[in-house]
Amino acid sequence: MTTSIPDTVALATQSADRRRSLPARLARNPLGVVSLGYLALLLLVAVIGPFVIPHDPNAVSLADVFAPPGGLYPLGTDSAGRDVLSRLVVATSVSLAGAAVTVVVAALIGIPAGLLAGYRGGWFDSVSAWLAGVLLALPAIVVLLAVRSVTGPSMWLIMAIFGVLISPSFYRVVYGSVRAVREELYIDAAMVSGLSDARIIGRHVLSAVRAPAILLVSAIFAVGIAIQATIDFLGLGDASIPTWGAMLADGYYNIFRAPLLMLWPSLAIGLTCVAFTLLGAALRDETQHVGDATAQKRSSWTPPAPRPAAPIRHDSDSSDPAPLLEASGLSVAYPKGAGWTTVVDDVSLRIAPGEVHALVGESGSGKTQTAWSILDLLPENGRVMAGTITFEGEDLAAAAGAVDRLRGRRIGYVPQEPLSNLDPSYTIGHQLTEPLRVVMGMRRKAAKARALELLAQVGIPDPARTYRSYPHEISGGMAQRVLIAGALSCEPPLVIADEPTTALDVTVQAEILRLLRRLRDETGVAILMVTHNFGVVADIADRVSVMRHGSIVETGSAAAIFADPQHDYTRSLFGALLTAAPSRGALAAAAAAHDGEGRSA
Ligand SMILES: Nc1ncnc2c1ncn2[C@@H]1O[C@H](COP(=O)(O)OP(=O)(O)OP(=O)(O)O)[C@@H](O)[C@H]1O
């Protein structure tokens, strides 16, 4: 369902923006103009300067020691009578070239390694991640001092080794970008279509890596200049080459006799580092600019046309007592091109206290998006475009942060994949007690007692042992029980369970459904159950809403919908249930058999 309003003016402006090259966009950015202007001037000085300088930068003249600025020496002379201007110009070339060596070495190592590790994974990923960690852990300046003592004062070698030490920065940035883009379906599609790895990397992956890599180049240039200046300032550089760091040291030692000697190299180092940093900021702004412009120029959302027919209702719920949760006319959309794709369209739901309401539909019908919009957990680019959500009479849209306040306190959430929703580094006990202590303000001992009580309540046979266990030590079914315990820990009136049995085998599914039913009966919690399985609906739901293509097509009590499904789609889901899914009887039988085994074990 795509909502896309042609707005030729907006689209024309947007594509013009996109067509403009990065340098052209930088030329329109004030930070970009200032920093690029300065750096262009510096480059000019570095390239042409050494050929037009008035003096030999290393020519010592004892007669002219500490000569003031003016005459033959526009910026004066240093402690050995050498011309400061000539040295400053040559030092500019040396400093830029030294930093360039660092950037090139770091990029040559870090970018291919990040590309390969991110794209292929496997042993290369493990080894390179380990190496990157080791390099980052080494204190760069100490290593460089050690290298200097072994190899002598070779500025180029030291800057190259610094490039190796800083290459993990490129590696990590590129690796992260590649991993993100590697998950995209279009990469899978390119692979399936038979494109070679080199072609996929060249065509799809490099474009994602370009912007962060360019940003890093300017940052590493600045760091390279600072490191080089530090080494020369400490007197560890090559004394035969004029550098900003060596000039700074000379000025520092003679600060009382000729204070101006410090000024020129300080200005050069400071301004150059600032210019590279500002250029990085401008590049960041401009590489994001296209996205921002797209967002600004995107046409406003309008409901998709034609809108689906109103859902078939089996009973009127307007006469029900005050609902616990009421969503009305909810629509969710994602940006797509210049418009929006609507994934939830005009959905209305009412959930009474203590009711199990199943939201059922095939994959991609919008169930999870509906649940996430209620929980305010939509991904960053997803937006609730229309509708209201009221919980316990409070309009959640009206009060900023209302859902944040309710989530985990008044609304519990049971996610789809139990094991991947538990942190492998912490025990189950820690993960259960932390929210009790932080959110509910319980003391450590009380939180532990409550966690053990919850584990017993969700049917875990040895709560104390599970409490001490790490997630890898428990089964998927146990993990799901733990997550249900977590969702119930604050005694919420509503739990939203997103396919809580999908990742589990049939026997465990039946146990979890029985557990949810029992908990509902014992605690009176209402459950919004997101599922694609009508077997689950038959097993647990009081009311059902059938979703298709983002809309609810049929809604009513489970009994009425099972007795008399009206919509063709509902009937087809029943058909699938009868041919594919295990029946409630089968689930119950499997559970009973499992219980029997458990008892006899
Ligand atoms: N981040 C996103 N950007 C754009 N579209 C999205 C995004 N996330 C989900 N969608 C789209 O929203 C639609 C509904 O997805 P949703 O996850 O709600 O389906 P579902 O009914 O819960 O199915 P499943 O059980 O497979 O998760 C799908 O067409 C999906 O492609």
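A residue is near a molecule if one of its heavy atoms lies within 4 Å of it. This is a predicted model, where local features need pLDDT of at least 70, side-chain atom pairs count only at pLDDT 80 or more, and totals for linings use all residues. Residues are numbered from 1 along each chain as its sequence is written, and side-chain values use heavy atoms, without hydrogens and water.

Q: Which helix gives the largest share of the shell around the ligand?
A: The shell includes Gly366, Lys367, Thr368 and Gln369. Helices are DSSP runs (H or I, at least four residues), numbered from the N terminus. The largest share, three residues, comes from residues 367–375, helix H12.

Q: What is the distance from a polar side-chain atom of lysine 367 to an oxygen atom of the ligand?
A: A polar contact is a pair of N or O atoms within 3.5 Å. Serine 363 has a side-chain N or O atom 2.5 Å from a ligand oxygen. For lysine 367 the distance is 2.9 Å.

Q: Which element gives the most to the lining of the largest pocket?
A: Strand S8 (411–414), helix H14 (428–438) and helix H17 (476–488) each give two or more residues. The top contribution is five residues, from H14.

Technical notes:
Polar contact = N/O pair within 3.5 Å; in protein donor to acceptor, adjacent residues only side chain to side chain.
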